[in-house]
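Hello,

Here is the structure you asked about.

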Amino acid sequence: MAKIALITGATAGIGEACAHTFAQHGYDLILTGRRLERLEKLAHHLNDKYNVEIAVSSFDVRNREEVVRSLDSLPSKWRAVDVLVNNAGLSQGLDPINSGSYEDWDTMIDTNVKGLLYVSRVVSNWMITNGRGHIVNLGSIAGKEVYPNGNVYCASKHAVDALTKGMRIDLLQHGIKVTAVHPGMVETEFSEVRFKGDKDRAKKVYEGFEPLKAEDIADTIWFVASRPAHVNINDILIMPTAQATATNVIKKN
Ligand code: NDP
Ligand code: 8X3
C-alpha cells in the first residue's frame, strides 16, 4: 500500500512543491487549502502524471469546526497518514508594534499558530491509533530571529518552534516523529500575500540575489521524511546562500 502525506496549504508555493515531490515518490496525497479550484487542478495533474491517489479537502485552518469536520469526513482509509506537512501559513503587513493592524495580527496568529494546532490535534490522534507518523512543521528564520516590523509574524513562528519541541516530547511515547523546517527567504506568493496583492513591492523583496525556490524546501522536507525509522531530524534552518540572518542579505544591484 502506498504511503500517505497530508499537506496543508497545497494551493501555492512550498505546499504545492511538496505535493509534486511526494507524488513523484509514489505517495498518495491529501491536499488542503482554501482555493478548491487550484487543489482540484493540482490533484488532476498529479494523478495523471504519477498515477497516485489524491483526496482534496478544502477548508480554512482558522475555523476549528471546519478543520475537524473536513478531516473527519474523509473516507477512513485516509487516516493512515504517514506524513503531515503543516505548511499553511502567511504574513500580513510589516508594521511597527504601535500601529500594526488588529486584523492582521488575528489573521497571522489564527492561521500560523491556532490553525496548525487544530490540524495537528486531529491528525496526531490518527497517528497515535496507527502507532506511527511524522509531523513536519514549517517554521521560519522568523521563528529563530526577530526583525524590524516583523513582530507578530516572528512571534507566530517562534510559537511554531516551541510547539514543534512540545509535540516532539508529547508524541515521543507514540513513536511519532516531529520536525521543524525553518526557511529563510523563498520566492513564492508569500510577499504578495504579506503586501496584500502589491506585486511590485513583493517582487522587490527578491531582487538582487537568488532566493530559495519552493522546490528547495520541498527537497528538504522530502529528505527529512525519508530518513530511516530510527532517525528523526528535529530542526533544520535553510537559507539562500546570499542570506546569513533575517536581515543580512547581500544584494547586487
Ligand atoms: P504561499 O503564499 O505561496 O502559500 C501559502 C499557502 O498557505 C497557500 O497554499 C494558502 O492556501 C495556505 N493558507 C494560507 N492561509 C490559509 C488558511 N487560512 N487556511 C488554509 N490554508 C491557508 O507561501 P509559502 O509557500 O511561502 O508559505 C508556506 C509556509 O512557509 C508558511 O507557513 C510560511 O510562513 C512559511 N515560510 C515561508 C517563507 C518564504 O520566504 N516564502 C520562509 C519561511 C517560512 P489558500 O490561500 O488557498 O488557502
Ligand atoms: C518568511 C521569511 O524573512 O520574510 O518566513 O520572515 S521572512
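By class, the shell around ligand 1 holds 13 nonpolar, eleven polar and five charged residues (nonpolar: Ala, Val, Leu, Ile, Met, Phe, Trp, Tyr, Cys and Pro; charged: Asp, Glu, Lys and Arg; polar: the others, Gly among them). The model is predicted, so local features need pLDDT of at least 70 and side-chain atom pairs count only at pLDDT 80 or more, while totals for chains, interfaces and linings use all residues. Residues are numbered from 1 along each chain as its sequence is written, with chains lettered from A and ligands numbered from 1 in the order in which they are written.

In total 29 residues surround ligand 1, and G9, G13, R34, G89 and F190 are the closest (C-beta atom, placed from the backbone, within 6 Å of the ligand). The largest share, three residues, comes from α1 (helices are DSSP runs of H or I, at least four residues; strands are runs of E, at least two; both are numbered from the N terminus).

Ligand 2 is surrounded by S140, I141, A142, G150, M185 and A246: four nonpolar, two polar and no charged.

The largest nonpolar core has 55 residues, with A19, L29 and L31 making the most contacts inside it (buried Ala, Val, Leu, Ile, Met, Phe, Trp, Tyr and Cys joined through C-beta atoms within 7 Å; buried means 20 or more other C-beta atoms within 10 Å of a residue's own, C-beta atoms being placed from the backbone). A second, separate core of six residues includes M108, A142, V152 and C154.

The buried residues of α5 include V152, C154 and K157.

Regards

Key: Buried ≥ 20, exposed ≤ 12 C-beta atoms within 10 Å, placed from the backbone.
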